[in-house]
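Have a look at it first, then read on.

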Amino acid sequence: MSENVLKGSNKQHNLNNYEETYQNFSWDEAKQNFTWNETGKVNIAYEAVDRHAENPYKKDQVALQYVSPDRKESLTFDQLKKQSNQFANVLKDQGIEKGDRVFLFMPRSPEFYASFLGVLKVGAIAGPLFEAFMEQAVQDRLEDSEAVMLITTPELLSRVPEDQLPDLKKVVLVGDSSDIPDGYIDYHQEMAKASESFDLEWVDLEDGMVIHYTSGSTGKPKGVYHVHNAMIQHYQTGKWVLDLQEDDVYWCTADPGWVTGTSYGIFAPWLNGVTNVVVGGRFSPEAWYGTLDDYQISVWYSAPTAFRKLMSSGKEIVDDFKLDSVRHILSVGEPLNPEVIHWGKKAFNLRIHDTWWMTETGAQLICNYPTMDIRPGSMGKPIPGVTAAIVDDQGEELPPNQMGNLAIKAGWPSQMRAIWKRPEKFESYFLNGWYVSGDSAYKDEDGYFWFQGRLDDVINTSGERVGPFEVESKLIEHEAVAEAGVIGKPDPERGEIIKAFVALNDGYEESEDLLEDIRQFVKKGFAAHAAPREIQVTDAIPKTRSGKIMRRLLKSRELGLPEGDTSTLEE
Ligand code: 6R9
């Protein structure tokens with residue numbers, strides 16, 4: 001079988017010759033695939049859903065296949081168009097206008113997808129939030145974005161501090177009417193009354209589409225602002241990197257609260273017109289292998305943490321399922337260990353393709369392609385249309401094999417357009433025409449990029465970005481905690497775990513109960529995934545003379561490494 005032919009078919013891969021395409025491609029070419037190329041006005045929801053619903057050959061194809069332990073439901077492109085139109089009408093009735101921020105805080109469900117698209121159809125900006133967020137995390141994000149509307153469920157409502165959110169005018173609840181208190185908008189009741197046709201808001205390519213909040217090493221989470229123009233890259237990487245073909249059944253395991261769950265859990269698959277499987281409920285190896293088998297998944301995008309969990313569940317369980325529908329597997333979020341690639345080869349007889357990108361980049365940038373040789377441990381090569389390099393701290397390019405800042409030449413289609421209300425923060429990403437990622441890496445002589453680590457203190461636990469500052473802020477709200485410093489500690493399954501060092505207030509003694517209480521405090525007040533798995537009591541947290549927590553020092557001490565430069569350490 002030649003490299004360019006798909007497993008189990010006589011079709012060709014979409015990107016046949018990487019080097020040649022890389023030399024010749026320009027983004028103008030990709031724009032020809034969209035109708036807006038003539039009108040100049042767009043709406044990503046139209047391109048992703050309505051366009052297919054208007055095509056007699058595609059309208060009855062399943063767009064969304066939803067699967068959870070207690071609910072299975074499928075929606076065709078036509079049904080998804082109608083439901084999102086209905087919700088757009090509900091939004092219009094409620095006075096939502098172009099540019100308004102409308103947040104969604106609920107588990108994955110068909111209602112989530114219909115309302116998310118409805119928000120885009122009125123030209124508003126969608127802000128998806130992880131259902132695991134607790135009160136503080138929800139408040140920070142709604143407050144910063146000045147969201148005027150929230151779509152959530154009766155169960156999650158208790159985590160929305162409405163009295164702290166003066167801009168939040170309306171709350172839509174998705175649930176049984178009997179659970180919906182007065183003063184709230186009943187999703188199902190309003191949908192039942194709403195028309196299935198809607199005259200959608202045609203916007204400019206540079207108009208706002210989505211805000212994803214993400215963590216940095218300092219300060220509150222940042223609102224990363226993306227515009228409709230990103231669709232060009234969502235579409236094109238869906239072709240080249242996901243290698244999507246019309247008859248694929250695609251499963252992206254990411255939650256839409258994370259950028260992967262929107263760019264590649266909504267846009268890339270639907271812009272390419274494929275059936276998109278969405279799985280709710282908790283992870284279990286049986287449920288995951290079962291999904292691949294039951295729905296005959298052909299293209300699967302997941303993360304190293306999940307692969308490692310499957311790997312540790314053993315070989316026997318694999319034999320209980322038929323996994324031969326899968327033809328292409330991809331990974332994102334953390335370094336993909338060569339060991340996992342070897343496991344993939346055994347379990348699926350396939351290579352796992354690593355992809356590198358960030359919330360801020362909006363779409364994939366450095367990837368492995370089906371027709372390219374993979375070097376296990378490497379993130380691959382930049383997509384055509386994108387220039388990547390390793391630069392020094394002055395933004396000068398470094399030669400091969402030298403470690404430095406992983407940087408991308410600014411101006412790719414899906415690049416973030418702002419950090420919400422923080423222009424100086426946005427500017428701080430750019431140096432000498434480069435977007436500087438905050439990751440360190442090197443490039444080998446053949447142009448493959450190799451990830452080395454984060455250059456800042458951001459923690460990557462099970463593929464989720466956690467800012468140490470947010471965890472520290474929550475910790476010191478606990479009555480026993482005087483000071484806190486938080487680091488990521490290497491962990492074989494999760495990549496990193498969160499470890500907190502705390503200094504206790506006078507009158508508090510270290511005990512198992514107290515540490516557990518502190519842990520629960522972060523879990524309940526902030527988010528479960530951000531609760532420290534390890535807490536160590538110390539007398540004092542090392543700080544610089546200007547009062548910054550020296551996490552680097554905490555980490556070297558934890559790992560038994562040399563302490564490095566401690567000249568700014570406060571005595
Ligand atoms: C899409 C996404 C971005 C950070 C990024 C890097 C890490 C992502 C990776 C990877 C090694 C890969 N990261 N992909 N590290 N290999 N293939 O993950 O967005 O949540 O913003 O995280 O994740 O450190 O800077 P986001």
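Let's start with Glu-146, which is partly exposed, its relative accessible area being 31%. On the scale used here, buried means under 20% relative accessible area, exposed means over 50%, and partly exposed is what falls in between, with a 1.4 Å probe and protein chains only. This is a predicted model, so to speak of a local feature takes pLDDT of at least 70, side-chain atom pairs count only at pLDDT 80 or more, and totals for chains, interfaces and linings use all residues. Residues are numbered from 1 along each chain as its sequence is written, and side-chain values use heavy atoms, with hydrogens and water left out.

Glu-146 sits in the loop between helix 7 and strand 5. Helices (H or I, at least four residues) and strands (E, at least two) are DSSP runs, numbered from the N terminus. The backbone here is worth a glance: phi of Glu-146 is near 50 degrees, a positive value in a residue other than glycine. Most residues other than glycine have a negative phi. Lys-421 also has a positive phi, of about 60 degrees, and is not a glycine either.

Now for the link between these two. The side chains of Glu-146 and Lys-421 form a salt bridge, at 2.9 Å from N to O. That pair links distant parts of the chain, 275 residues apart, with Lys-421 in the loop between strand 19 (418–419) and helix 15 (423–427). Lys-421 counts as partly exposed, at 48% relative accessibility.

## Other salt bridges

How many salt bridges does the structure hold? There are 41 salt bridges, a salt bridge being a side-chain nitrogen of Lys or Arg within 4 Å of a carboxyl oxygen of Asp or Glu. One of them pairs Glu-201 with Lys-92, at 4.0 Å from N to O. This pair also links distant parts of the chain: Glu-201 is in the loop between helix 8 (187–193) and strand 8 (208–214), Lys-92 is in helix 5 (residues 77–93), and 109 residues separate them. Glu-201 is partly exposed at 27% relative accessibility, and Lys-92 is partly exposed at 41%.

Then there is Asp-140 with Lys-220, where the closest N and O atoms are 3.1 Å apart. Asp-140 belongs to helix 7 and Lys-220 to the loop between strand 8 and strand 9 (222–227), so this bridge ties together parts that are 80 residues apart in sequence.

## Around Met-134

Met-134 is in the loop between strand 4 (125–129) and helix 7 (135–145). At 18% relative accessibility, Met-134 counts as buried. Leaving out residues up to four places away in sequence, Met-134 touches Arg-159, Lys-523, Lys-524, Gly-525, Phe-526 and Ala-527, where contact means heavy atoms within 4.5 Å. Ser-158 is 24 residues from Met-134 in sequence, and their C-alpha atoms are 9.2 Å apart in space.

## The ligand site

The ligand is surrounded by 19 residues, the closest being Trp-258, Asp-354, Thr-355, Thr-359 and Arg-465; a residue is near a molecule or strand if one of its heavy atoms lies within 4 Å of it. A nitrogen atom of the ligand is 2.8 Å from an N or O atom in the side chain of Asp-354.

UniProt, in an unreviewed entry, places the feature "domain: AMP-dependent synthetase/ligase" at residues 58–410. In the model, the end C-alpha atoms of that span lie 37 Å apart, and the span is 29% helix and 23% strand.

Terms used:
UniProt positions renumbered as here; feature names shortened; annotations may be inferred. Polar contact = N/O pair within 3.5 Å; in protein donor to acceptor, adjacent residues only side chain to side chain.
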